[in-house]
Amino acid sequence: MRYSLQLLFFGFWLISQLAWGASAQSTEDTHEYLLSNGLKLIIKEDHRAPTVAHMVWYRAGSIDEFNGRTGVAHVLEHMMFKGTDKVKPGEFSRLVAAEGGRENAFTSRDYTAFFQQVEKSKLSKVMQLEADRMVNLNFDDADFAKEIQVVMEERRLRTEDNPDSLLNESLMATAFMSSPYRHPIIGWMNDLVNMKASDARQWYQNWYAPNNATVIVTGDIDPDKTYQLVEKYYGGIRAHELPVRKPQLEPEQKGVKQVHVKAPADSAQLVMAWKVPRLQPDNINNDEPYALELLAAVLDGYDNARLNRTLVKQARLADNVDAQYDMISRGPALFIVGVDLAKGKTIAQAEAGIRKVLAEVTDKGVLDSELKRIQTRLLANQVYKRDSIFGQAMEIGGFEMAGFSWKDLDTVQDRMQQITSAQVQAVAKKYLIDSTLTIAILDPQARQSAKVGVQK
Amino acid sequence: MKYYCQSLVLGAVMSIGLLTSVQAALPIQQLDSYKGAKAYLVQTQSLPMLDIEISIDAGTRYDPASKTGLAIMTAELLDNGIRSAGRNLTEAQIADEIADLGADISVGVTGERALIRIRCLSRPDIRDRAIQLARLILSSPTYDSVIVNREKQRISAGLLEAETKPDFVLDRRFRKAVYGDYPLGNAVTVKSIAGLSASDLKQFHQQFYRSDRVIVSMVGDVNKSEAQEIMQTLVKDLPQTGSSIPPLPELARSPVQNLSEREITIPFDSQQAHIAMGMTAISRNNPDYFPLIVGNYALGGGGFVSRLMNEVREKRGLAYSVFSYFAPGQETGIFQAGLQTKNDQATMALDVMTETISQFIAKGPTQSELDAAKANLINGFPLRIDNNRKLLDNVSSIAWNGLPLNTLDTWTEQVNAVTREQVESAFQKYLAMDRMKIVVLGAKQ
């Protein structure tokens with residue numbers, strides 16, 4: 001419900017802005033504009049070196065896909081390099097390369113983004129190219145037929161021959177029954193096999209529009225001149241109505257789920273994933289997501305953090321550990337703890353070990369010294385991240401796509417510093433419970449390589 | 001192990017990435033040598049932080065044949081306990097202190113060097129504590145036998161896991177094929193790790209971690225005198241010399257062989273066949289370095305616009321990734337090309353790759369390919385030095401390879417001067433199809 005309200009609000013806000021024309025909001029080094037066609041522009045000045053990162057983010061990722069067409073967001077990302085009316089297939093990359101640029105694109109569950117990094121005087125050229133393919137993409141069926149083969153090779157490389165990915169794919173598909181987060185971003189192989197050029201074209205027509213896009217430019221730039229460039233190249237592209245996004249909310253989980261995956265590997269793996277809240281754009285002062293982020297860091301944020309210290313170094317139950325939680329996302333969040341089992345240890349022992357580490361947090365809380373350590377690290381990272389203009393643009397984009405504003409970045413950092421040990425303990429107790437738990441187990445299988453030789 | 005592999009890839013990128021500037025690059029300052037250690041600084045004041053890379057001439061090339069993995073374990077256990085005249089710290093205390101400082105200290109090993117990277121805020125109190133800790137990590141590791149045994153178990157588990165992965169198995173076999181009896185051809189195995197003891201590690205540390213084998217590179221918000229002091233602090237507890245180290249053998253040029261002697265197939269039940277092709281090539285200070293890297297951009301280093309990418313991926317849809325690179329260092333490094341494709345296309349993909357590389361060696365790039373390569377490398381130069389981390393990679397590589405300190409200032413000129421004939425003749429001089437080792441891993445169809 002909350003999700004749909006958010007979208008309604010978004011729609012209304014968009015219409016009102018369209019009526020008013022361009023508007024601007026700024027802080028000292030960051031500037032936000034809304035073009036009359038609905039395109040959002042965020043400029044962050046950083047004059048350390050004469051380079052810029054230029055990105056366009058479309059709010060369309062695998063969360064927007066339906067069964068039978070999974071992977072189409074990512075396939076379209078590939079097809080975006082296949083030409084427009086003016087730019088021949090492959091020419092986009094050649095033109096960017098000629099400017100000395102670095103370019104690529106990425107697709108996530110929540111968005112698809114394209115970027116170029118160039119010396120600052122080349123910004124106009126790459127922006128012109130990027131704006132052109134926002135509206136004029138034009139690829140033929142033969143190009144699609146070749147590129148879908150490339151994507152299938154990518155899936156073989158990243159997933160079919162990779163037990164970690166296979167396990168993660170099954171974990172997500174098991175944890176979520178209805179949410180589109182159950183689909184892999186790259187898509188199920190069978191959906192790739194059956195994908196048609198028309199599926200990719202439809203995706204493009206649905207989602208690639210200025211009113212579904214955010215342009216982010218960071219680096220050694222003048223904001224006014226950059227705004228004028230964006231207005232020149234993107235400003236004339238017409239907004240169009242976006243498809244209605246239905247909520248596809250995940251039904252409440254009623255008990256432990258478990259999935260076993262057999263794949264070629266040497267060590268068994270155990271992953272435990274709990275459904276937990278994420279940060280909501282309309283409730284940014286809710287402390288629970290921040291406390292969960294800090295909990296993940298207390299468990300696995302540095303070399304002597306609890307999971308590594310206890311399970312790897314002391315108990316020798318595991319050879320590697322991992323704890324993850326990301327509070328910024330469009331879809332439902334998981335709090336994930338995973339381990340690679342040490343030789344001779346059983347899944348039951350590993351699970352008991354993880355539960356013991358978590359029980360120590362729920363029973364006794366975390367030490368103030370641990371929390372302070374994590375919070376210090378976060379503060380230092382505020383300085384370190386400014387070393388990269390690319391990283392700064394990435395951070396802004398991730399926030400914006402999840403429905404937040406770059407202006408929330410400071411608030412998030414401030415809140416993280418306010419969280420107490422008691423709050424970390426409270427979220428561990430409240431959310432790491434069996435009724436929302438999914439367990440994924442990798443059951444390692446020997447490679448049948450010798451047999452292959454015999455078959456030959 | 002993971003970091004080890006990454007370092008190798010990084011090395012390749014870095015060596016391509018030595019650049020310089022249309023606008024002046026920040027100057028690299030050479031500091032006074034201390035106890036035989038060298039140090040270099042690029043002072044950048046825009047952020048209150050400091051990045052340091054300590055290179056130690058203690059890479060895996062020094063592994064004794066029977067003790068492969070020794071250099072890696074010696075480096076990776078540096079921060080698992082410290083015992084010095086001033087301070088004793090457990091691994092947990094070290095990790096907590098690094099975290100309390102908000103600093104990063106990490107260790108890696110390549111064929112040529114062990115690397116310690118430090119990132120910290122430049123505020124003097126924080127910086128000084130981080131440097132003092134790094135000094136102890138570098139000079140006074142405990143190598144406690146309980147921890148050594150635990151880490152041996154972990155490394156062995158990692159190796160067994162890696163042996164189920166096609167890219168690892170391919171890479172190990174390819175390196176053996178190219179390096180032969182040269183030390184870098186020997187692979188770390190569960191057995192070689194099992195044979196290492198705490199005293200082996202201590203001895204290797206004593207023998208190789210000497211101040212006269214150290215180079216410290218710094219980028220960040222410190223002045224020259226502060227940097228000089230930091231460097232002296234880092235190395236002051238290291239011995240300056242030690243027992244003599246036998247010279248490394250010469251890495252021989254890959255010999256001319258019949259295809260049947262050069263090509264190795266490894267049955268493997270992955271969905272994709274993985275292919276590697278390559279041979280020994282050049283060191284970084286080779287006068288043909290620029291023609292080779294400019295040429296390689298056109299062949300397989302230029303991402304989406306390279307000839308290999310065009311033939312293999314764009315025209316035929318055979319692979320997601322296809323590449324070629326030179327990895328030169330102090331010593332001769334390798335040239336390597338590679339791709340992955342589904343098993344029933346392996347023969348076709350290998351044919352396309354072979355034909356493409358063969359054509360390129362025979363005829364060089366076209367003039368337009370050369371112009372495009374030069375345009376990218378020259379226009380893209382500012383991107384190679386636009387933050388502290390990238391500057392550090394460059395400074396450290398220049399220092400390690402003994403290149404002139406103005407290397408960044410002359411880089412674009414040198415790229416610009418490359419001619420089509422120079423590329424063609426350099427490729428013919430250093431590469432040859434009848435010397436290329438080929439490893440194909442996958443299921444035969």
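This is a predicted model: local features need pLDDT of at least 70, side-chain atom pairs count only at pLDDT 80 or more; totals for chains, interfaces and linings use all residues.

Colleague: How many residues of chain B are in contact with chain A?

Modeller: On the chain B side there are 63, and they touch 60 residues of chain A. The two chains bury about 5,500 Å² between them, with 54% of that on carbon and sulfur atoms.

Colleague: And what about salt bridges across the interface?

Modeller: The rule finds 8 of them between chain B and chain A. One of them pairs B:D96 with A:R373, with the closest N and O atoms 3.2 Å apart. The elements giving two or more residues to that side of chain B include α3 (91-100), β7 (114-121), α5 and α15 (388-400). There are also 34 residue pairs in polar contact across the interface, both at pLDDT 80 or more.

Colleague: Let's switch to α5 of chain B. Why do its end C-alpha atoms sit 25 Å apart?

Modeller: Helix α5 of chain B has 18 residues (145-162), so at 1.5 Å a residue it should span 26 Å, which agrees with the 25 Å.

Colleague: What happens at the start of α5(B)?

Modeller: A side-chain oxygen of B:D144 comes to within 3.0 Å of the backbone nitrogen of B:V146.

Colleague: Last topic: which domain does UniProt list for residues 196-378 of chain A?

Modeller: The unreviewed entry gives "Peptidase M16 C-terminal" there. Over that stretch chain A is 41% helix and 21% strand, with the end C-alpha atoms 45 Å apart.

Terms used: Residues are numbered from 1 along each chain as its sequence is written. Chains are lettered from A and ligands numbered from 1 in the order in which they are written. Side-chain values use heavy atoms; hydrogens and water are left out. UniProt positions are given in the numbering used here, feature names are shortened, and annotations may be inferred rather than shown by experiment. Helices (H or I, at least four residues) and strands (E, at least two) are DSSP runs, numbered from the N terminus. The expected span of a helix is 1.5 Å times one less than its number of residues. A polar contact is a pair of N or O atoms within 3.5 Å; within protein, one must be able to donate a hydrogen and the other to accept it, and residues adjacent in sequence count only if both atoms are side-chain atoms. Contact means heavy atoms within 4.5 Å. Buried area is the accessible area (1.4 Å probe) that two parts lose on being put together, summed over both. A salt bridge is a side-chain nitrogen of Lys or Arg within 4 Å of a carboxyl oxygen of Asp or Glu.
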